[in-house]
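Hello,

Here is the structure I promised to hand over, with some notes on what turned up in it. Please have a look and write back with any thoughts.

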Amino acid sequence: MERAIDLEIQKLKERILLMGGYVEKAIEEATQALIDREPERFEKVHEYETIINRSHIEVDEACLRLLARQSPLAADLRLIVAVIKINTDLERMGDQAVNISHNGKRYLERPPLKPLIDLPRMSQEVRVMVRAALDAFVKRDSVMAADVLQRDDSVDALKHHIFQELIAYMGKDPTTIEQALNLILIARNLERLGDHATNIAEDVIFAVTGKDVRHGAHNPSRRVAKPSGKAKT
Amino acid sequence: MSGTRDIVITQTILDAKNINAWFGSVHAIRDISLPVEKNTVTAMIGPSGCGKSTFLRCLNRLHEEVAGARVEGQVLLSGEDIYGPGTDPVAIRRKIGMVFQKPNPFPSMSIFNNVAVGLRLAGMGNKALLAETVEKSLKQAALWNEVKDKLKAPGTSLSGGQQQRLCVARALAVNPPVLLMDEPTSALDPISTAKIEELLIELKKEVTVVIVTHNMQQAARISDRTAFFLLGELIEYDDTSRLFTNPRDKRTEDYITGRFG
Amino acid sequence: MVGLLIGCAILALFPLFSVFLYVCQQGLPGLHVNFFTSLPKPVGEVGGGMANAVLGSLILITLASLIGIPVGIATGVYLSEYGKTKLSMILRFCTELLAGVPSIIIGIFAYSLFVIPMGRFSSYAGGAALAVIMIPTVARTTEELLKLVPVHIREAGLALGISRWKVTLIIVLRGSLSGIMTGVMLGLARVTGETAPLLFTALGSQYWPRSLDQPIASLPVQIYTYAISPFEEWHQQAWTGALVLVLFVFILNLTTRMILKRHAPAKD
């Protein structure tokens, strides 16, 4: 049976997916401009962010309208709540992409410190996470979403590796500090992007299963036995 | 054990055990067990004809007053089976009050007498005490201020919402530990509905309320526990906040998200 | 179209007003205190009244009420509250049938039931005959009115821990009392004018009522007797009697309506 709310939810999902697409593009553009040393392409990131921001407001309004008019319950309610949170995450991700472009711009003003190997891998990994999280959202697939949570570990590992490497550079030669810091900030931005993707995956799991898996709450304590009457049903 | 989640009932005041009910040959309630926690509001929801009202009427032995109706099973009120041998349904109903769908003050009876009649027939002759109890009940029902100057006016002269609160006062007058409500606001406007709902939140400090409602938002707003009925069966019984955010049974989910019913 | 309807309505009212006017015209000259205080005078003597008949009628109506109202209401309550059994179906059918039985036949019935065994005409027999005529009206009105009381009102009573018969008596019956009173008054008005059943039962009398097991005078019978007599003075008395009877029924209806209006429950 097609309900009025189904159409609205469908529209909302499409919007989130589109927004996610722009986030992906923004991350890609920011890292690629850095890798290819083409600072003028950072402008594109700002354009994407403007679109993301506009979408952020529209999705919020749509959710508010839906809550007020449809009084969603159960899975519908969880989905709307998840959308509100995913929406915020995506907006923050747009901001992070812009941060990458700022830091990248500063980095490109000087000669490169070293060949970029781990940063492109990190960027690639984060984009895969965003795409997978949103795919899981659209398909209501909690297994796929859980997979995203695992991937975040490799992003964190990459960040850790980059930090170690750059600290070594800075230790050996203090003139590299400024450029190394720019790269550290970018690695940090990418790591934050991974965290946002993780948040999205967690919200998807909540929307689909009703289980809250945040902050290690994998096993929410269920109440125990009922005293009387075998619950027949 | 398909859908019901195990919930902890710390102090059971009303405990229905394996209730079966029939209208003639129609098996309307199928083996329902449902413990009710003291000083809570327990809501019963479900599509029309799912048996929730019938089940409610089994809880004060009103079901059997319908011609051809029959009940089997136990309902323990503070441990005592109201269907036990030799139990007087009339005495039981004094302990389990009921408010109906349509406001139904007794015709050609004053506001005062509507509230007092239960007490008088239960043998309260002391006029001062009677007046005091009537006042207390009307205050409990949040109606006193509106009617204190016209207690002699007919109960039917009040507005629909006031009439329903009069019925609440009438039920409360005999001081029942349990109050059953059968869609008490379905005939009322939103403001009167809000008043009744407010009232329930207050009332549950003293009375245990079991309410049948068609309005899921209402169940979500006012109840502590919710039971979902379908085709005479109890499908799911859980904390209200959990049932409405994360029901366990697919049928509950489908119903509360409006996929059927 | 509306004009036609108004015309028909006036046509329906015409007999009522013409009867009333004619009775007034003929009866008023004989209407004075004596009529209510004196016994009938023998033929040829001037004056005299129908005091014994007025009193007799009141006694007969009281007797009829004493039997007819409780039995009628009880029947109505039974039909409405326990009305789904076979017995009640039969009872309802009989009540309807009884309402259609010509009153003279009821008179004959009371005659064979009371007058023959007792060996004489009496107030008892008259009262019983009138009661039988009253019962269907009262029973049907009671039943119809009780049926109007919604089921949930009864259930509210039951749910309050009131036993079924008390619910019926205190909540349902009392709630419909004003309506039932109308039924009673209608029944009374009807039997007040009954003549035929009294001919075989109360017979009539020229004297003050002495005892309930004696024949007793009544207005309708007295009017009948006087009206078919060859004497002009008696005709005058009969007209006055008719006027008193009409006025009595009229006042009875009016009071009922006034009582009803005062106690009418507010509509919700």
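Let me start with chain C, which has twelve helices and zero strands (helices are DSSP runs of H or I with at least four residues, strands runs of E with at least two, numbered from the N terminus). A word on the source: this is a predicted model, where local features need pLDDT of at least 70 and side-chain atom pairs count only at pLDDT 80 or more, while totals for chains, interfaces and linings use all residues. Residues are numbered from 1 along each chain as its sequence is written, and chains are lettered from A and ligands numbered from 1 in the order in which they are written.

The C-alpha atoms of chain C fill a box of roughly 70 × 60 × 30 Å along the principal axes. Of its 268 residues, 43% count as buried (20 or more other C-beta atoms within 10 Å of a residue's own, with C-beta atoms placed from the backbone).

Chain B meets chain C through 26 of its residues, in contact with 19 residues of chain C (contact: C-beta atoms, placed from the backbone, within 7 Å). On the chain B side, α2(B) gives the most, with four residues.

Chain B also holds an open, mixed sheet of six strands in the order β6-β7-β8-β3-β9-β10 (strands pair if DSSP finds at least two bridges between them). Because β6 (96–99) and β10 (233–239) of chain B each have a single partner strand, one side of each is left without a neighbour in the sheet. Strands β3 and β9 of chain B run parallel and are joined by four bridges, with B:Ile45 opposite B:Phe228 in β9(B).

Best wishes

Notes. Contact = placed C-beta atoms within 7 Å. Buried ≥ 20, exposed ≤ 12 C-beta atoms within 10 Å, placed from the backbone.
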